[in-house]
Amino acid sequence: MTSLSYRGHRFPAPIIQHAIWLYIRFTLSYRDVEELLAERGLDLSYETIRRWVLKFGPLLARRLRPRRPRPGDRWHLDEMVVRIAGRRVYLWRAVDQEGEILDLPIQPRRDKRAAVRPMRKLFKKRGFAPKRAVTDKLPSYAAAFR
């Protein structure tokens, strides 16, 4: 894995990493991270944090992903209709019992094939199947589970 070089930056590496970690881990805005760091006595602009996230964020996010806690064993699956650029599409959502969003794929259809695709991706990504899956009784889910 590539090591990060913080040479040429005004702040030391732990401060930069902490700012990026706050942004990535807790889905805060740049201004929220700026305020949190200001409470600790660090005078940063949100623009500086944005640049750090763009530069160092992807590598730090890859390091954080394996350390995430395993999702619960009961998943809630549902879909909803949304309009994107005037087109009607379906937003499929998978959430675990603690409310952690597992996946949010968008697809143009709502049939069996469209239901299978996000489930396969979800099982492959998480590495295990849930003990119980709660759905909204859409018939394509039953076909996909079979």
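Leaving aside its neighbours within four places in sequence, which residues is D96 in contact with? Keep that one in mind while you look at this model, which is a predicted one.

1. Let's settle the opening question. Once you leave aside its neighbours within four places in sequence, D96 is in contact with P71, G72, R74, W75, H76 and L102.

2. Where does D96 itself sit? You'll find D96 in strand β2, which covers residues 87-96. Its relative accessibility is 3%, so D96 counts as buried; the cut-off for that label is under 20%.

3. Now for the rings. There are 4 aromatic pairs in the structure. One of them is F11 with W52, an edge-to-face pair with 5.9 Å from centre to centre and 80° between the planes. This pair ties together distant parts of the chain: F11 belongs to the segment before α1 (13-26), while W52 is in helix α3 (residues 46-64), and the two are 41 residues apart. Both F11 and W52 are buried.

4. Y23 and Y30 make another aromatic pair, and this one is stacked: the centres are 4.5 Å apart, with 10° between the planes. Is Y23 buried or exposed, or partly exposed? Y23 has 24% relative accessibility, so it counts as partly exposed. That label is for values between the 20% and 50% cut-offs.

5. Last one: have a look at Y46. R31 lies over the face of the Y46 ring, at 3.9 Å from the ring centre.

Notes: Residues are numbered from 1 along each chain as its sequence is written. This is a predicted model: local features need pLDDT of at least 70, side-chain atom pairs count only at pLDDT 80 or more; totals for chains, interfaces and linings use all residues. Side-chain values use heavy atoms; hydrogens and water are left out. Rings of Phe, Tyr and Trp (its six-membered ring) pair if their centres lie within 6.5 Å; planes under 30 degrees apart count as stacked, over 60 as edge-to-face and the rest as tilted. Helices (H or I, at least four residues) and strands (E, at least two) are DSSP runs, numbered from the N terminus. Buried means under 20% relative accessible area, exposed over 50%, partly exposed in between (1.4 Å probe, protein chains only). A charge sits over a ring if NZ of Lys or CZ of Arg is within 6 Å of the ring centre and within 35 degrees of the ring normal. Contact means heavy atoms within 4.5 Å.
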